[in-house]
Amino acid sequence: QTSSLAFGGSIRQMFSPLLAGATVVPTPRNLTRDPDALLGFLLSEHITIWNSVPTLWERLLDAVRERDRAAADHLEFPSLRWILIGGEGLQPDVVRDGWDRFGPRHRIANLYGSTETVVNATCYEVTRRPDDAEAHLPIGRARSGSKVFLLRRDGVPCEPEEVGELVVGGP
């Protein structure tokens, strides 16, 4: 768990693993400010699912590159299976960087949910390396129990490729 308990995203980080019978590993706050120490923690705790904002994931990838350069080695994450990224826009270059580093063996999901939804309303699983020309990643489809609509100013649903306002509904 990388989120502060004061942040709504901590709800998913805390309760989703517990509801699935998994273990929540709280990250000491000082580690989120020290990417190399965070990397050591991730490896020593055998983390299987990483969940953070894109900025923290990007800083972790920087630490991986630094360790590789210093050791002239290729650091592996044998335990890591899922990389769940949300809370900020996930940029394709960050996904390309992770994909180039780890390949498809680690599953990556771009999670989206506005502040009002508390937890993520949509999910897009990245199943391929984004092309170098791609400037944006999809936010995916509505998650279970959510409904997502893209509406024009007059409340009419948008046509494909039309710009509109994202409206999220559900329980």
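**Close-up views of a predicted model**

**View 1. Thr27 in the loop between helix H1 (10-19) and helix H2 (35-44).** Helices (H or I, at least four residues) and strands (E, at least two) are DSSP runs, numbered from the N terminus. The model is predicted: local features need pLDDT of at least 70, side-chain atom pairs count only at pLDDT 80 or more, and totals for chains, interfaces and linings use all residues. Residues are numbered from 1 along each chain as its sequence is written, and side-chain values use heavy atoms, with hydrogens and water left out. Thr27 has 15% relative accessibility and therefore counts as buried (under 20% relative accessible area; exposed is over 50%, partly exposed in between; 1.4 Å probe, protein chains only). Not counting residues up to four places away in sequence, Thr27 touches Gln1, Thr2, Thr32, Leu38 and Phe41; contact means heavy atoms within 4.5 Å.

**View 2. Gln13 in helix H1.** Gln13 counts as buried because its relative accessibility is 8%. Its contacts, leaving aside residues up to four places away in sequence, are Gln1, Thr2, Ser3, Val24, Asn51 and Ser52. Between Gln13 and Thr2 the C-alpha to C-alpha distance is 7.9 Å, with 11 residues of separation in sequence.

**View 3. The largest pocket, with about 640 Å³ of space.** Of its 26 lining residues, Pro17, Ile49, Trp50, Asn51 and Leu84 are the closest to the centre. Two or more lining residues come from each of H1, H2, strand E1 (49-52) and strand E2 (82-85); H1 gives the largest share, four residues. On a 1 Å grid over the protein atoms alone, a pocket is an open set of points where a 1.4 Å probe fits, with protein on both sides within 12 Å along at least five of seven lines; lining residues have an atom within 4 Å of a point. Grid points are joined across faces, edges and corners, and the volume is the space filled by probe spheres set on the points. The lining has 14 nonpolar, nine polar and three charged residues (nonpolar: Ala, Val, Leu, Ile, Met, Phe, Trp, Tyr, Cys and Pro; charged: Asp, Glu, Lys and Arg; polar: the others, Gly among them).

**View 4. An open sheet of five strands in the order E1-E2-E3-E4-E5, with mixed pairing.** E1 and strand E5 (141-142) are at the edges with a single partner strand each, so one side of each has no neighbour in the sheet. Two strands pair if DSSP finds at least two bridges between them. E1 and E2 run parallel and are joined by four bridges. Ser52 is opposite Ile85 in E2.
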